[in-house]
Amino acid sequence: MVSTPKTYEAALPIAAAMCSRSECSAREIRKKLLTRRFPTDAVNEVVEWLYSHDFINDKRFAQAYVNDKSKFSLWGRKKIGYQLRIEGIDPDIIEEAMAHIDDTEYESRLRDALSAKLRTKTETDPYRLKMALAKWAMSRGFEASLVIPIINEMIQGADDIDAEDEI
């Protein structure tokens with residue numbers, strides 16, 4: 001079996017193909033190429049080329065990521081922002097991408113997700129149920145200041161919880 005030499009010329013078409021299928025971050029490209037055992041200098045050169053030819057664009061990536069994770073994965077702003085920071089996206093770009101999340105849709109998705117989660121819970125104690133839902137929603141990255149009032153509105157029969165309660 002003949003192996004392909006691990007060079008810039010061999011790595012570039014692989015990376016370009018990844019970028020043409022979906023928005024990718026530089027971190028994703030690096031990880032994929034390093035997993036395939038391309039040398040670091042070749043990987044860095046490929047990433048530079050991809051940036052210079054607009055195959056990788058942090059603004060485009062951040063916007064697509066925010067859209068996908070908010071609408072389809074039902075993640076909250078905190079989790080999305082955290083993951084984008086891990087991807088190495090500039091905080092200003094993250095803030096700009098997050099500004100495109102419609103507040104009304106965001107709250108509506110949270111309400112729908114909490115309603116669906118509530119239907120799966122068997123807990124009878126209203127306070128424990130509220131705490132479980134709050135913990136679940138906040139683990140998905142939703143802000144306590146948004147989660148708590150919605151849960152208090154949905155579940156009656158216990159003292160309302162507030163954002164200062166230990167969850």
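Hi everyone, one definition before we start: a residue is called buried under 20% relative accessible area, exposed over 50%, and partly exposed in between. Please keep in mind that what we have here is a predicted model.

Let's begin with arginine 21. This residue sits in helix 1, which covers residues 8–21. Its relative accessibility is 64%, so arginine 21 counts as exposed. Arginine 21 also belongs to a positive surface patch, together with Lys6, Lys32, Arg36 and Arg37.

Now, is leucine 50 buried or exposed? Leucine 50 counts as buried, because its relative accessibility is 0%. You'll find leucine 50 in helix 3, residues 40–52. And what does leucine 50 touch, leaving aside its neighbours within four places in sequence? The contacts are Leu12, Ala15, Ala16, Cys19, Ile29, Phe55 and Ile56.

Last topic, backbone angles. Most residues other than glycine have a negative phi. Here are two residues with a positive one. Aspartate 54, which is not a glycine, has a phi of about 60 degrees. Aspartate 54 lies in the loop between helix 3 and helix 4 (58–71), and with 41% relative accessibility it counts as partly exposed.

Then there is leucine 74, where phi is positive too, near 55 degrees. Leucine 74 is in the loop that runs between helix 4 and helix 5 (77–86). Its relative accessibility is 27%, so leucine 74 counts as partly exposed.

Definitions and conventions
Residues numbered from 1 in each chain as written. Predicted model: local features only at pLDDT ≥ 70, side-chain atom pairs only at ≥ 80, totals over all residues. Heavy atoms only, no water. Patch = residues over 30% accessible without salt bridge, like charges linked within 9 Å, V, L, I, M, F, W, Y side chains within 5 Å. Areas by Shrake-Rupley, 256 points an atom, 1.4 Å probe, with all protein chains shown as cover. Salt bridge = Lys/Arg side-chain N within 4 Å of Asp/Glu carboxyl O. Lys, Arg positive; Asp, Glu negative; His and termini not counted. Charge placed at Lys NZ, Arg CZ, Asp CG, Glu CD. Helix = DSSP H or I, 4+ residues; strand = E, 2+ residues; numbered from the N terminus. Buried < 20%, exposed > 50% of the residue type's maximum accessible area, 1.4 Å probe, protein only. Contact = heavy atoms within 4.5 Å.
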